[in-house]
Amino acid sequence: MKKLTAIVFASGLAAASGQVLAADADAGKKLYEQSCASCHGMKAEGQGMFPKLTGQSADHIATALAHYKNGDQDALKEMGDLGGSNFAIMAPNAAGLSDADMENLGAYIESL
């Protein structure tokens with residue numbers, strides 16, 4: 001019985017921690033509107049030289065932002081569609097993002 005209790009308790013902790021770490025699309029929306037919409041458009045449809053972001057997975061967006069933040073242009077080029085053509089513009093914008101910010105932005109953009 002002690003093993004079963006321990007397993008249930010551990011599972012509860014894992015589920016609770018997953019909820020804490022889950023991306024927050026509402027927070028992503030606020031950040032997107034403040035930091036991204038002026039270039040990518042209010043609905044992330046892209047405009048001018050700034051690419052369309054809609055249709056991208058949350059993971060794809062968060063990964064691209066992490067590469068911008070880390071200065072990894074080669075990894076961005078391998079990603080293709082978001083591939084670093086605007087590196088000089090995006091790198092400073094991504095520099096101040098936390099991991100949670102990147103996940104939240106990804107969740108919001110994926111929801112569009």
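**Group meeting: how α2 meets α7**

Okay, let's start with the helix pair. Helix α2, residues 25-35, packs against helix α7, residues 99-111, at an angle of about 95 degrees, and their axes are 7 Å apart. Angles of 65 to 115 degrees count as roughly perpendicular, so that's what we call α2 and α7 here. Who's touching whom? On the α2 side you've got Ala-25, Ala-27, Gly-28, Lys-29, Leu-31 and Tyr-32. Over on α7, the contact is made by Asp-101, Asn-104, Leu-105, Ala-107, Tyr-108 and Ile-109. If you sort the residues of that contact by type, you get eight nonpolar, two polar and two charged.

One thing to keep in mind: this is a predicted model.

Now, zooming out. As for the surface, the chain exposes about 7,000 Å², with 57% of that supplied by carbon and sulfur atoms. And on contacts: take those with a separation of 6 or more, and 53% come from residues 24 or more positions apart.

Last stop, Gly-96. You'll find Gly-96 in the loop between α6, which is 87-95, and α7. So is Gly-96 buried or exposed? Its relative accessibility is 69%, so Gly-96 counts as exposed. Also have a look at Lys-69 while you're there: Lys-69 and Gly-96 are 27 residues apart along the chain, and their C-alpha atoms are separated by 7.9 Å.

That's it from me.

Key
Residues numbered from 1 in each chain as written. Predicted model: local features only at pLDDT ≥ 70, side-chain atom pairs only at ≥ 80, totals over all residues. Heavy atoms only, no water. Axes fitted to C-alpha atoms, helices over the stretch in contact; angles between N-to-C directions. Helix = DSSP H or I, 4+ residues; strand = E, 2+ residues; numbered from the N terminus. Parallel < 35°, antiparallel > 145°, perpendicular 65-115°, else oblique. Contact = heavy atoms within 4.5 Å. Nonpolar A, V, L, I, M, F, W, Y, C, P; charged D, E, K, R; others polar. Areas by Shrake-Rupley, 256 points an atom, 1.4 Å probe, with all protein chains shown as cover. Buried < 20%, exposed > 50% of the residue type's maximum accessible area, 1.4 Å probe, protein only.
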